[in-house]
Amino acid sequence: MKIKFFKLILPMAVVAFGIAGAMHTNAMSKKATTLVNKWGYTHIEGENCVLTNQMCRTEPGPSCKLAGEQLYDFVSTTSCPTPLNKIQ
């Protein structure tokens, strides 16, 4: 009975723990990459998104501004819809 347990159940348990560990570390790395500092972009009406020299972050907080203008995250040359927040 003990031999059957070790030959059948133990390898399955090791594989299950391995898969659970791999999924956990994958989820952690995805979360860490979403909360990074980014360069802020201004969006001038009728023009493209323009890169500034101000670093901002994606985490919640006070608005990231440069010369009174809200800075945004870059998506494409004509689209920067997501407002960024100030690095504290």
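Read along the sequence, the chain follows the pattern α-β-β-β-β-β-β, and it accordingly holds 1 helix and 6 strands, where helices (H or I, at least four residues) and strands (E, at least two) are DSSP runs numbered from the N terminus. This is a predicted model, in which local features need pLDDT of at least 70 and side-chain atom pairs count only at pLDDT 80 or more, while totals for chains, interfaces and linings use all residues. Residues are numbered from 1 along each chain as its sequence is written, and side-chain values use heavy atoms, with hydrogens and water left out.

**Surface and interior**

The chain exposes about 6800 Å², of which carbon and sulfur atoms supply 65%; accessible areas come from the Shrake-Rupley method with a 1.4 Å probe, and for residues only the protein chains shown count as cover. Of the 88 residues of the chain, 16% count as buried, a word that stands for under 20% relative accessible area, whereas exposed stands for over 50% and partly exposed for values in between (1.4 Å probe, protein chains only).

**Disulfides**

The structure holds 2 disulfides, a disulfide being a pair of cysteine sulfur atoms within 2.5 Å. With bonded cysteines counted along the chain, the disulfides follow the pattern 1-4, 2-3.

| Disulfide | Distance between sulfur atoms |
|---|---|
| Cys49 and Cys80 | 2.2 Å |
| Cys56 and Cys64 | 1.9 Å |

Cys49 is buried, with a relative accessible area of 10%, and Cys80 is buried at 6%. For Cys56 and Cys64, the torsion about the S-S bond is about -60°, so this disulfide is left-handed. Cys56 counts as buried at 0% relative accessibility, and Cys64 is buried with a relative accessible area of 1%.

**Around Thr42**

Thr42 has its place in strand S1 and is buried, with a relative accessible area of 9%. Leaving aside residues up to four places away in sequence, Thr42 touches Asn48, Cys49, Val50, Thr52, Glu69, Leu71 and Cys80, where contact means heavy atoms within 4.5 Å.

**Salt bridges**

Side chains of opposite charge can pair when their charged atoms come close. A search of the whole structure finds 2 salt bridges, each defined as a side-chain nitrogen of Lys or Arg within 4 Å of a carboxyl oxygen of Asp or Glu. Lys38 forms a salt bridge with Asp73, and the closest N and O atoms are 3.2 Å apart. This pair links distant parts of the chain, with Lys38 in strand S1 (residues 37-43) and Asp73 in strand S5 (residues 72-73), 35 residues apart. Lys38 is partly exposed, with a relative accessible area of 27%, whereas Asp73 is buried at 15%. The side chains of Glu59 and Arg57 also meet in a salt bridge (3.1 Å, N to O); Glu59 counts as partly exposed at 29% relative accessibility, and Arg57 counts as buried at 14%.
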